Each structure stands twice: as C-alpha cells, then as structure tokens.
Amino acid sequence: MDQGLRYGSSRETTVCSSEERSKPEAEASEQDLHGPSSLRAEPHSPPPFTRFSRLADSFRARSPRLYNVADRAVKYIRGPRPKVDLPNPVPLLGRMYNFKGRQFTIALEPAIIRFTRPLTTTWLFVLLVAAYIISFSFLVRAQWYLTPASSFVDCTSVYWTKDAGCGLDGSLCAPFSNSSFDFRCPAQCSSVILQNPHLVGDESVDFVPLLVGGGDIQKTYRADSFICASAVQAGLFSDSTGGCASVNLVGNFTNYLPTTAFGLSSIGFPSVFPMSFRFSPSNVLTHCTDLRTPALAFNILITCLLFLVLRPRAIIMWWCLVCIGFWHIALFSQPQATPPPLDVAFGAFLPTLFVCYGFWRIAVRFTLPLFANAPFEAMIWYLAPYWTGVLTNLTMDEIPIEELTAADIKQQPGGVVALVIIVLIVLVLVINQIRVIRKTGWLPYYLVWYILGGLVTMVLTLASGLQFRLHHYIISMALFPGVGFPTRLSAIYQGFFLGMFLNDVAAFGFDSILQTAASLVGDGTTGSPLPTFLTNSTTYNTSIALANQTISWNGMPTAIATQGWNGFGLLVDDVEVYVGTALNYSLAALESGLPHFFRLAYAMGGTPGDFTMPATLWPNGTWVDPPPGAS
C-alpha cells in the first residue's frame, strides 16, 4: 500500500482540525459584527464592542503615548489576523541542499519508504502485534511468575522499622535470631534512597540507601538496613540484574563497622543493637535475574520498527506508544509492588487511555501525521524524548528534587540550585513555544485558558487548606495543549510529555494535586511538640557507676497536655525502651564501656510523636546535650 495513502486520513484529520479551529473564530466574528437580535432590538443597550471603543477612544485622548504602547503590545500578543497555519516541516533527510554553489540531495527518507513499503500492510501489522503481545507476556512471566511471590522483597524492605515502629523493646519485629529467609531483589536498588533524615545513633543519614554495618569479616548489618542494597554491597548479586540470596538473623551485635563496596557506602554504629543479619547464597530460588534491561531493549527495538518499517497510521502509532510505555513501566521499570499488582495497573490503564486520547485531540493529531514522509526523523524526534520520559526514575535520578514541594527542595542538598536551573531552561523553552503560538494568532486563546486554570488551582489550594503537589502527570497534562503545532520542537515536547505522564500514572497512579501535609511528610517529622531532658551536661554525675545512674526529663506542660498528649516515649540506642508517664529511666540495663544515645518524645495513647535529637552518653561519662530540633 502506498505510504501517502496510509497517512491520507490523518492528513485529512489535520486539515479538518484547522477548519475546526477557525470555525469558533468565524462565529465569534459574525456575532461581533451583527450582535444578537436582542441587542439590536434595544437601542439603549449598545453592543459591548461599542462600549469598548468608547473607552479606548477616551484612553487614547488622555494618554496617547501610553495608548500607542498598549496598542502595539496587544496587537503583538494577538498575532496575525486572520489566524494562519504554520508551514509543514520539510524532511531534513529527503530534500535538496545548496552548498557553495553546488547542489546535492539527501534521499534517506524516500529510500526508507521505498524499501519498507511491502512491510506496511495491515495484515502483517496485526500479525506482528499479536506476536509482540505473546513475546511480552513470556517476558513478564519470566520476570515475575517463575519465582514464588512470597520471596520478593522491594528495595526499601527492612527487618526493623524506624524509631518506635517495632514497639516496646522491638517486640513487634521478633524473632531477633535463628531465622532465615530466601529472597529475591529487583535491579537498581542502589538508587533507592532515604527521603527523610534517619538517625543512627548520633549520625543523621539522608538521600542515600540506609546501610549500617557490613564492615566486619562476617559482613554483619544492623536490622534496619535496606536488605537489597546490603546484599549488593555484600557481593551477593549485581545491582544491574538483581538476584536471590538468603538472609540470616543473628540477634544482637556490638560495634557495626562501616564499609564501601560495589559503589555503596555504609555507616557504623558503635553501640549494641538487638537484631542483625548476614547473607549467604540461596540454594532454593531460581530465575532470579531481573529482566527489565532486556525488556527495555526489546521495547525500544519494537518502537523503532514501528516508525521505520511498519509505519501504521498516526493514530495507531500513538496508541502503540501509549500501551508499550505504560505496561513497560507497570511491569518492568517501576512496578508499584513486587510482583506488580495487575488489578491496580489495569485500574490506572483505562483513565490513562482517556487522557491520552485527549492529548491526541488537542495536540498530537496536528504534528505526528506531518512526519509521514520522514519516518527516520519522526523516530528521532519522538522516541528519544519519549523513552527519556518513560525512564524518568533513571534519567532524572541525579537531579536533587524528589517532590515539587518547598520542604523537599529546601531539604535536599543542591535542590534550590537544581530548581533554578530547571526553571531557567523551562522558561527559555516556554518563551520559544509562545513565539511559535503567537505566529499562528492563537496566543490569546491559550493565555486565557492557562490563566483561568492557574486561578482555579490557586483558589482550590487556598480554600481547601491542603497543600499543592505538582505531580509529573499534571505537568504533562497542563503543557500538552501548548505543543500542538507542526514544528520539530513540538514533536520533541510531545514525546517527552507522553513518557513523563506514563511514568507517573503507571508507577504511582493518579494522585491528587491537593494533599494533606501528613501525606507529604511520609516518615519525616510532623511538627509535634518536643519534651526536654532534665539531665544535662552539668547535672550528670560522672562519679556514679552506670548501673546506678538514672536520667530524667521535665514534666508535661498543661498547654501540651490539653492537646491530647498523655505520656512519654524513650529511645535508647534507637530502640524504644519505655512508654508511660514516668519522668525518669534507670540505666542499670545498659552495657558499660559503650556509647549510648537517648531520644525522647511525647506520646498520645502510647504512640510517640516526634523524637528529640539524641543526647549522647560516652563511655568516659561525658554527657552531650541533644542538639535542637526533631528527629
């Protein structure tokens, strides 16, 4: 089938779309010229344009210079009248060039079209789609369903949860020893990091994988270390392929040593902790290699073949990109759980299709069909940014911004600088796209809708009392309408925005743009009131043996008690050892000759709030007061 005929309906759609764009303007112009019949029937109610003309004439009479400046600005923003269509892009690799008086022709695009024309038949496309679905299904099966589901752990799996998460004396996380578990880890766990500060003794860890210990000859890790990253550092398997191992609980351990191996660094902990683990190879599990990299290569190859060889109609090409990207993210590159919950993925898939059809209607149908005679160029402009967006979790991994919130940007080192650079780049791109839109005469139309959308979002944020969260999929949805023009940059934007949209909704779903402060905090501090130690560096008596020492803290002020707080929680060496109403704690059970770390919190119904920063008691009897702030 001739390639021009294959894209004929898409071109007709584009032409009709231009006529549709012009139709509302013509109707509006007709109404402006003649006005509604009700207005013509009442001579005492002049049409709106007459009133506007009188105001303009009055303004020109009073301030002619200012009027001229404003008039030029308005006409510039308005653009040409009547509106015009931009010229279609001419293939760069299918045209004649002049260089120093000589003419030469690059005919790569016509050659591709000519040689692949026999492969563009509908029946072959349907057959290959069926073959792709079957092949992809086998990849998914090998990735997730040949290993017992109970053996999968994710990149942040731990045996011991943060602060008081394991309950009093860690009872909720028992047993502490004589237990083993064969597990399978996904790939790329080394890039999964803490998003909030985590205290280990008196050392704060943030924006790295949580690894404590591993530096001794037996490679012993504290139980709150990330299991998968620990196994990578211990050399059980590669970070790029994931793998299987057996983890063995060995109970309490003293003096965890730091180490660096396989690109990962751990920190030490000089005191005792009740639960630790070590690794050994797994002799039980099979099919442990993570196949996300082969799946990525397979899907990239398929999308390239779609553009270069099969060349379906533009609308079919669009749906292929949507489906391939969504399911690659949901099943390989960024599943919501391990193994991936298919019910959750299908729940997000239907609204994804709905939104992507909107993208097609408002933007893509004006751009993608125009590259019908330039398949190689279309592949470059669309697929490179498309896969960059699909793999946002990897391509944007080094940018120190995780959530587009003020707290996250301030908290991450380099976050403010990164935001400034991003804003400047985006500003340049937006200004250029505004210039393109102005050339067509559609700029006022877009400005009205974007300003209206911004005002609605601001009102919702202020009225609801919730916090504004700018998700990646919201950015794509907001910017897509402005890139529906026949330019190469618009094609690049469309590819990237589609990939970024799919990355967010397939990996996290359609989270609300307005969220509570608690949902944004995660495991960070909540801003609850903090108690204070009565024991300090001046009142601690170093002449008394540790077994006879008691630390104490101040009572609860009435203002805090009225908020519902009714007790205290105490962490010693990062383990919750007390919850109650007492104002002191005996140190008789602590091991001498080791440093010990104390953190205190108010409790409500036995559940502690934010803990203080740690007070430290060194083996020589030196008491170091806690720094200000919460942990």
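These are my notebook entries on what I looked up in this structure, which is a predicted model.

**Entry 1, the whole chain.** I began with the secondary structure of the protein chain, and I found that it comes to 20 helices and 22 strands. I then looked up the extent of the C-alpha trace, which spans about 95 × 70 × 50 Å along its principal axes. For the radius of gyration I noted 32 Å for the protein chain, whereas a compact globule of 631 residues would have a value near 25 Å.

I asked what share of the 631 residues counts as buried, and I wrote down 44%. The protein chain exposes about 31,300 Å², and I noted that carbon and sulfur atoms supply 65% of this area. Turning to contacts between residues at least 6 apart in sequence, I found that 73% of them join residues at least 24 apart.

I went on to the second largest pocket, for which I recorded a volume of about 550 Å³. Its lining is made up of 26 residues, and the closest to the pocket's centre are Val129, Tyr132, Ile133, Ile302 and Ile324. I wanted to know which elements give two or more residues to this lining, and they are helix H7 (122-144), helix H9 (292-310), helix H10 (314-333) and helix H11 (342-362). The most comes from H7, which gives nine residues. When I sorted the lining by residue type, I counted 25 nonpolar residues and one polar residue, with no charged residue.

I located Ser190 in the loop between strand E3 (177-185) and strand E4 (198-200).

I found Asp397 in the loop between helix H13 (392-395) and helix H14 (406-411). Not counting residues up to four places away in sequence, Asp397 touches Ser191 and Thr392. I also looked up how Asp397 stands to Ile431, which is 34 residues apart from Asp397 along the chain, and I noted that their C-alpha atoms are separated by 27 Å.

Definitions and conventions. Residues are numbered from 1 along each chain as its sequence is written. This is a predicted model: local features need pLDDT of at least 70, side-chain atom pairs count only at pLDDT 80 or more; totals for chains, interfaces and linings use all residues. Side-chain values use heavy atoms; hydrogens and water are left out. On a 1 Å grid over the protein atoms alone, a cavity is a set of points where a 1.4 Å probe fits but cannot get out, and a pocket is an open set with protein on both sides within 12 Å along at least five of seven lines; lining residues have an atom within 4 Å of a point. Grid points are joined across faces, edges and corners, and a volume is the space filled by probe spheres set on the points. Helices (H or I, at least four residues) and strands (E, at least two) are DSSP runs, numbered from the N terminus. Ala, Val, Leu, Ile, Met, Phe, Trp, Tyr, Cys and Pro count as nonpolar, Asp, Glu, Lys and Arg as charged, and the others, Gly among them, as polar. The radius of gyration is taken over C-alpha atoms; the globule rule is 2.2 Å times the number of residues to the power 0.38. Buried means under 20% relative accessible area, exposed over 50%, partly exposed in between (1.4 Å probe, protein chains only). Contact means heavy atoms within 4.5 Å. Accessible areas come from the Shrake-Rupley method with a 1.4 Å probe; for residues, only the protein chains shown count as cover.
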